[in-house]
Amino acid sequence: MADSFELNGRQIVLKASSDRVVAERVVRHIQRRIEDDDWRPYTCKADAVQAWFRLGGIRAQVLEALNLI
């Protein structure tokens, strides 16, 4: 059974209930990067977002929910 939670009005679909902790960590990580304007080791925000989106899964869903994609 899949679990999910809502972020900015969008559903983040999780394959297992334990993925919720991972998703929350990803959200905090990306929000911190936005607040600090820190994209290391990438040269800019666009490069970081593109690299993270290619990883797919929870990260891609979080990026979409945060309107970065």
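Student: Where does Asn 8 lie?
Tutor: Asn 8 sits in the loop between strand S1 (3-7) and strand S2 (10-14). Helices and strands here are DSSP runs numbered from the N terminus, with at least four residues (H or I) for a helix and at least two (E) for a strand. Keep in mind that this is a predicted model, where local features need pLDDT of at least 70 and side-chain atom pairs count only at pLDDT 80 or more, while totals for chains, interfaces and linings use all residues. Residues are numbered from 1 along each chain as its sequence is written, and side-chain values use heavy atoms, with hydrogens and water left out.

Student: Why is Asn 8 called exposed?
Tutor: Its relative accessible area is 54%. Exposed means over 50%, buried under 20% and partly exposed in between (1.4 Å probe, protein chains only), so Asn 8 counts as exposed.

Student: What makes S1 and S2 a pair?
Tutor: Two strands pair if DSSP finds at least two bridges between them. S1 and S2 are joined by five bridges and run antiparallel, so they qualify. Leu 7 stands opposite Arg 10 in S2. The two strands form a hairpin with two residues between them, and Asn 8 in the turn has a positive phi of about 55 degrees.

Student: What does Ala 2 touch, not counting residues up to four places away in sequence?
Tutor: Val 13, Leu 14 and Lys 15, where contact means heavy atoms within 4.5 Å. The C-alpha atoms of Ala 2 and Val 13 are separated by 7.0 Å. Ala 2 itself is exposed, at 56%.

Student: What makes Trp 39 and Trp 52 an aromatic pair, and which kind is it?
Tutor: Rings of Phe, Tyr and Trp (its six-membered ring) pair if their centres lie within 6.5 Å; planes under 30 degrees apart count as stacked, over 60 as edge-to-face and the rest as tilted. Trp 39 and Trp 52 are 6.1 Å centre to centre with 50 degrees between the planes, so they form a tilted pair. Trp 39 lies in the loop between H1 and H2 and Trp 52 in helix H2, so the pair ties together parts 13 residues apart in sequence.

Student: Which kind of pair do Tyr 42 and Trp 52 form?
Tutor: Edge-to-face: their centres are 6.2 Å apart, with 85 degrees between the planes. Trp 39, Tyr 42 and Trp 52 form one aromatic cluster.

Student: Is Tyr 42 buried, partly exposed or exposed?
Tutor: Partly exposed, at 30%. Trp 52, at 8%, counts as buried.

Student: Which residues touch the most other members of the largest nonpolar core?
Tutor: Leu 7, Ile 12, Ile 30 and Val 62, out of 17 residues. S1, S2, H1, H2 and H3 each supply at least two residues of this core. Such a core is a set of buried Ala, Val, Leu, Ile, Met, Phe, Trp, Tyr and Cys residues joined through side-chain atoms within 4.5 Å.
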